[in-house]
Amino acid sequence: MRLLLSPAGRAAVALAQGLDLSPAARLPAAEAVRAAAGPELGPLALEQAVLKGRARAKHPDGDRLWWTGEALEQASSYAVAVHRAARFAGAERVLDLCCSVGGDLLPLAAVAPAVGVDLDEGRLLLAAENARVLGLDVPLVRADVTRLDPRGHVFADPARRSGGRRVFDARSYTPRLDVVLGWLPHLDALGVKVAPGIDHEALPPELEVEVVSLRGDVKEAVLWGGSARRGPRRTATLLPGGHVLTDAAAPVPDVRPPGQYLLDPDGAVVRSHLVAEVVRQVGGWLLDETIAYVCADEPVPTPYGRWYAVRETLPFGLKPLRERLRAYDAGPLVVKKRGTAVEPEVLRRQLKLAGSREVTVVLTRSAGRQVALIVEAVRTPS
Ligand SMILES: C[S@@+](CC[C@H](N)C(=O)[O-])C[C@H]1O[C@@H](n2cnc3c(N)ncnc32)[C@H](O)[C@@H]1O
């Protein structure tokens, strides 16, 4: 890291950033940087330049910030980090206990005095540089957070990768989730980023679980405790619009056959178990009590999902489906599915459609049977 951040390192990275780094041009770029910066610094500078380019997808200043491959992969998306940091706005001080290169720390520092703590010296060096790039003053401390007894306002984002694979078991978070949650009784406020698929039932009831999606993509869940909790147990937040759905006591939805319209709820709604609330809001019903497709007679505008007009519903079977899809001149097939083992790719191969129109099929269950719905996206104002 020190080599990369030295004047020679910065010059080599700047040189590499000025080259064509597309995969096809990577080899000549690598040779040019190696020739200019030498065999040790050259590859490091090239990698850093590639990471900076990739980081723009996560952070508007991504190409000015400094990364490692794993730190970039683990870093929160900027829009999500900013949304989360807002709950700490005005705090006297907020500790980011697992700050890495600053994906959360820097947005936190923009709303309250923040201190970053991490065990990894290299990442702390990059975090310091990133704070400097953004003109923020952020003290950084190298420490094992499991040895701390923190007070006040705390945010934590434990590592969830093990051997390059996502870890779903909360006990294998580093630091362990139970250690982080154990701080709560002594804190004013706690926010912990966790995997969106975390088992809600296994979490202490005093926590709010917020599931966040960005442009329809579920990014993460956040556990909120102390004064950072907003009240509800479950929250779905849809970014960038900032629409927030919470667990009002919605009645158990009716289960009925498909109607004229079908709503595919946003993943944050599904993961936060708030489909019943959307059913209530749109005056709809479910096709199956365990499946998150909502039906209704009208496509009531909602930000919490995407409406489709149902053109037809058929019992699932290859032959009748092929026949009906051919009647639509179907070619490229968009397959949406819940509650069925059918593999879209296999289905496409088996159907052998050669028409000219893109058609969407929803495969799911209704009244205990597999059904296929031929649908068309509806544009409604949200
Ligand atoms: C998922 S990353 C944090 C990413 C960060 N929130 C971001 O958006 O850039 C987890 C971090 O926890 C740090 N970490 C893991 N165990 C730790 C411990 N016991 N003490 C301090 N830091 C630790 C790792 O070094 C890593 O940087």
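How much space lies in the largest cavity? The largest cavity holds about 30 Å³ of space, a volume being the space filled by probe spheres set on grid points that are joined across faces, edges and corners. The model is a predicted one, in which local features need pLDDT of at least 70 and side-chain atom pairs count only at pLDDT 80 or more, while totals for chains, interfaces and linings use all residues. Residues are numbered from 1 along each chain as its sequence is written, and side-chain values use heavy atoms, with hydrogens and water left out.

A cavity here is a set of points, on a 1 Å grid over the protein atoms alone, where a 1.4 Å probe fits but cannot get out, whereas a pocket is an open set with protein on both sides within 12 Å along at least five of seven lines; lining residues have an atom within 4 Å of a point. The count comes to 1 cavity of 30 Å³ or more, and its lining is formed by H59, L65, W67, V101, G102, G103, L106 and N130.

The ligand takes up the space of the largest pocket. Around the ligand stand 20 residues, of which S76, D104, D118, D144 and D157 are the closest, a residue being near if one of its heavy atoms lies within 4 Å. A polar side-chain atom of D157 lies 2.8 Å from a ligand nitrogen atom, and a backbone N or O atom of S76 lies 2.9 Å from a ligand oxygen atom.

Definitions and conventions:
Polar contact = N/O pair within 3.5 Å; in protein donor to acceptor, adjacent residues only side chain to side chain. Sits in = over half its atoms within 2 Å of the grid points.
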